[in-house]
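The sequence and the model are shown first, and selected features follow by topic.

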Amino acid sequence: MHKNQYEQKYKQEVIDFFNSRITYDNDYTIRRALPLLELVPLQNKQKVLDLATGTGIIAIPAAQIVGNEGKVIGVDFSSGMLAQAQHKIDEFNLQNIKLIEADAEYIDFDDESFDIIFCSTAIVYFRDIPAALSKWYRFLKKGGVVAFSCCSEESCEAPRIIATCAKYNISLFNINEPTGTPEKCQNMLKEAGFQDIKVKSQQFGFYRSLEQAKQWNGGWFHPRENPLLQVSSEQMAELKAEYCQQIEALSTEQGVWYESMIFFVTARK
């Protein structure tokens, strides 16, 4: 598949996935996002950009902090997510927040437009993370702060799915790998010109029932390639059966552990 064709298909899959999550806000998604906000000392009158804003879990409290003389712009390509965000904005009667439906990877702003840039748990969906960080550096005012969060490369069942597919000589790349350790996050930010880089780790993992843990739909997200798109329905059935066997072997009295180690990363221009 041609690179541009694949990218369009991949991004449509991501949009469809998030559009389908009509009750996105829950204890887990909110608990996982808000520590990022706590790491950034937002102030009155600041201008904030929230990329891949989703339902505005970061953007809305940020708008409340920066006040009417401040401004928050939230960007997302999921109309479903933005509709949920707009509903909350209307409920709070916030006048200082603007939502833009666009691909956060390709949107452009003037140099030195923002004091703070947030990107909560979405940086790994970008095709070119170093290019994104370079753009964010340009968008920030001198002394401005970038704050993003991402999962460790061991999180979200990815290693188990990769191991399952490897048994059938199918090589998958882990979407969390580029930012999957604190060192990788630090190195990427340094290369983009950032300084005063800090990474805070927090475990959000939990136990699931065996039945929940076995429910892999055969899906796989990666911005550059997905070999599973070429797999026959027969082979996919084999992969799912193998995956279920692996999960059963990991089951304990408490259930099956779902790893969710999140890195909260901040850096200054």
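Cys 156 is found in the loop that runs between β5 and α6. The model is a predicted one, and in it Cys 156 has a positive phi of about 65 degrees although it is not a glycine. With a relative accessible area of 27%, Cys 156 is classed as partly exposed, because that class covers values from the 20% limit for buried residues up to the 50% limit for exposed ones.

- Asn 176 touches Cys 156, and its other contacts beyond four places in sequence are Val 124, Cys 151, Ser 152, Glu 153 and Ser 155.
- The position of Asn 176 is in the loop between α6 (158–166) and α7 (182–191).
- Asn 176 counts as buried, since its relative accessibility is 6%.
- Glu 112 is another residue other than glycine with a positive phi, here near 55 degrees.
- The loop between β3 and β4 holds Glu 112, and the relative accessible area of this residue is 46%, so Glu 112 is partly exposed.

**Strand β9 and its partners**

- Strand β5 (residues 140–151) pairs with β9 in the antiparallel sense, over 7 bridges.
- Within this pairing, Ser 149 has Phe 264 of β9 as its bridge partner.
- Strand β6 (residues 195–203) also runs antiparallel to β9, and 7 bridges join the two.
- Here Gln 202 has Ile 262 of β9 as its bridge partner.
- In a regular strand, side chains alternate between the two faces of the sheet.

**Lys 98 in strand β3**

- Lys 98 belongs to strand β3 and, at 42% relative accessibility, counts as partly exposed.
- Leaving aside neighbours within four places in sequence, Lys 98 is in contact with Lys 71, Val 72, Ile 73 and Gly 74.
- The C-alpha atoms of Lys 98 and Gln 86 are 9.1 Å apart in space, while the two residues are 12 apart in sequence.

**Helix α2**

- Helix α2 has 12 residues (residues 27–38), which should span 16 Å at 1.5 Å a residue; the end C-alpha atoms are 17 Å apart, in agreement with that expectation.
- The buried residues of α2 are Tyr 28, Thr 29, Arg 32, Ala 33, Pro 35, Leu 36 and Leu 37.

**Aromatic pairs**

- The structure contains 9 aromatic pairs.
- One of them joins Phe 109 and Phe 139 edge-to-face, at 5.5 Å centre to centre and with 90 degrees between the planes.
- Phe 109 sits in the loop between β3 (97–101) and β4 (114–119), and Phe 139 in helix α5 (residues 129–139), so this pair ties together parts that are 30 residues apart in sequence.
- Phe 109 and Phe 139 are both buried.
- The rings of Tyr 125 and Phe 221 have centres 6.1 Å apart and planes at 75 degrees, so this pair is edge-to-face.
- Phe 221 counts as partly exposed, at 22% relative accessibility.
- Ring pairs also link Phe 109, Phe 114 and Phe 139 into a cluster.

**The protein as a whole**

- The protein has 9 helices and 9 strands.
- Its radius of gyration is 19 Å, close to the 18 Å that the globule rule gives for 269 residues, so the protein is as compact as a globular protein of that length.
- Taken along the principal axes, the C-alpha atoms fill a box of roughly 60 × 35 × 30 Å.
- Of the 269 residues, 51% are buried.
- Among contacts between residues at least 6 apart in sequence, 81% join residues at least 24 apart.
- The protein exposes about 13000 Å², of which carbon and sulfur atoms supply 49%.

Notes:
Residues are numbered from 1 along each chain as its sequence is written. This is a predicted model: local features need pLDDT of at least 70, side-chain atom pairs count only at pLDDT 80 or more; totals for chains, interfaces and linings use all residues. Side-chain values use heavy atoms; hydrogens and water are left out. Helices (H or I, at least four residues) and strands (E, at least two) are DSSP runs, numbered from the N terminus. The expected span of a helix is 1.5 Å times one less than its number of residues. Buried means under 20% relative accessible area, exposed over 50%, partly exposed in between (1.4 Å probe, protein chains only). Two strands pair if DSSP finds at least two bridges between them. The radius of gyration is taken over C-alpha atoms; the globule rule is 2.2 Å times the number of residues to the power 0.38. Contact means heavy atoms within 4.5 Å. Accessible areas come from the Shrake-Rupley method with a 1.4 Å probe; for residues, only the protein chains shown count as cover. Rings of Phe, Tyr and Trp (its six-membered ring) pair if their centres lie within 6.5 Å; planes under 30 degrees apart count as stacked, over 60 as edge-to-face and the rest as tilted.
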